[in-house]
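Try each task before you read its solution.

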Amino acid sequence: MATLVVPENVSCVDDAQALQKACHGWGTNEKAIISILGHRNAAQRKQIRLAYSELFQEDLVKRLESELNGDFEKAVYRWVLDPEDRDAVLANVAIRKSGDYHVIVEIACVLSSEELLALLVGLVTAFRYEGDEINTRLTNSEADILHDAIKDKAFNHEDVIRILTTRSKAQLMATFNRYRDDHGSSITKDLLDEPADEFKTVLRTAIRCLNDHKKYYEKILRNAIKKVGTDEDALTRVIVTRAEKDLNDIKEIYYKRNSVPLDQAVAKDTSGDYKAFLLALLGKEE
């Protein structure tokens, strides 16, 4: 369930005019920007951008980039983009940042096949079946294949890659459950027990995303908030990309795991307009 709160009967023309007013004159009206963009869904944001361009002959995204700064600017910039463009930006940043492959894996494993095709055909070529049917014979045999590969430390074996990139998420969840039932521990725990290397880390990220991406995102948020110095990039990425999808579910998992509401944790670790914008996307106002 999404956390985004969208009012009824909004006008993209009125919003575009209000945003233009907020960006001109003496100083930027950040509160007005948050009150509008922090409460509009992807389709509405696209219509606002189109209306803004037609009314004022300028690009709203570029205008916001020039008016805002810091983590607030980065969060608003990523939010106002079309979802596929936003994910392309995240992928590009991850590719250019050495060793940040987990973001690429996250995108590839969490998005649906249709979302991936709209986004990164050149980056992610596997088309994963999205149905709920489970082949029990494959579940049993492929759980053993994965176990043998981990036991033999053959993490990049072609069968491991084939299973993880082509099987449906329902099929993979059944396989991971069979792995746990047959071998007494989860596949992610067995991978964690092995000495760390880059490919194994990426493999574990992929499995966690495929098995339960909401728990994966909860841990990303927990680590982003608990580390010395908040990881604003990770915090922004999760909130901006999941606010229209399942951030409410992630909030519930976060509370059960940490005994602190996510919005309270975010409010404690952030400040200013950046804090206000994230709280708006979390369905809370200051």
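Predicted model: local features only at pLDDT ≥ 70, side-chain atom pairs only at ≥ 80, totals over all residues.

**Exercise 1. Cavities**

Solution. 
- Step 1: Take the largest cavity. Its volume is about 90 Å³.
- Step 2: Find its lining. The residues are R86, D87, L90, E106, I107, V110, L111, Y217, R237, T241, R242 and K245.
- Step 3: Assign elements. Two or more lining residues come from each of α6 (83–96), α7 (101–110) and α14 (232–242).
- Step 4: Sort by class. The lining of the largest cavity holds six charged, five nonpolar and one polar residue.

**Exercise 2. Two helices**

How do α3 and α4 lie relative to each other?

Solution. 
- Step 1: Locate the helices. Helix α3 covers residues 42–56, and helix α4 covers residues 60–67.
- Step 2: Compare the axes. They come within 9 Å and cross at roughly 90°.
- Step 3: Apply the cut-off. Angles of 65 to 115 degrees count as roughly perpendicular, so α3 and α4 are roughly perpendicular to each other.
- Step 4: List the contact. From α3, I48, R49 and Y52 meet L60, V61 and R63 of α4.
- Step 5: Sort by class. This contact of α3 with α4 has four nonpolar and two charged residues, and no polar ones.

**Exercise 3. Confidence**

Where in the protein is confidence lowest and highest among the helices?

Solution. 
- Step 1: Take the overall values. The protein averages a pLDDT of 90, and 93% of the residues score at least 70.
- Step 2: Confidence is lowest in helix α8 (residues 113–117), with a mean of 72, and highest in helix α15 (residues 247–258), at 98.
- Step 3: Check residues 120–126. Their pLDDT is below 50. Beyond near neighbours in sequence, this stretch has 10 contacts in the model.

Methods
Residues numbered from 1 in each chain as written. Heavy atoms only, no water. 1 Å grid on protein atoms, 1.4 Å probe; cavity = no way out; pocket = protein on both sides within 12 Å on 5 of 7 lines; lining within 4 Å. Points joined across faces, edges and corners; volume = space filled by probe spheres on them. Helix = DSSP H or I, 4+ residues; strand = E, 2+ residues; numbered from the N terminus. Nonpolar A, V, L, I, M, F, W, Y, C, P; charged D, E, K, R; others polar. Axes fitted to C-alpha atoms, helices over the stretch in contact; angles between N-to-C directions. Parallel < 35°, antiparallel > 145°, perpendicular 65-115°, else oblique. Contact = heavy atoms within 4.5 Å. pLDDT = per-residue confidence, 0-100.
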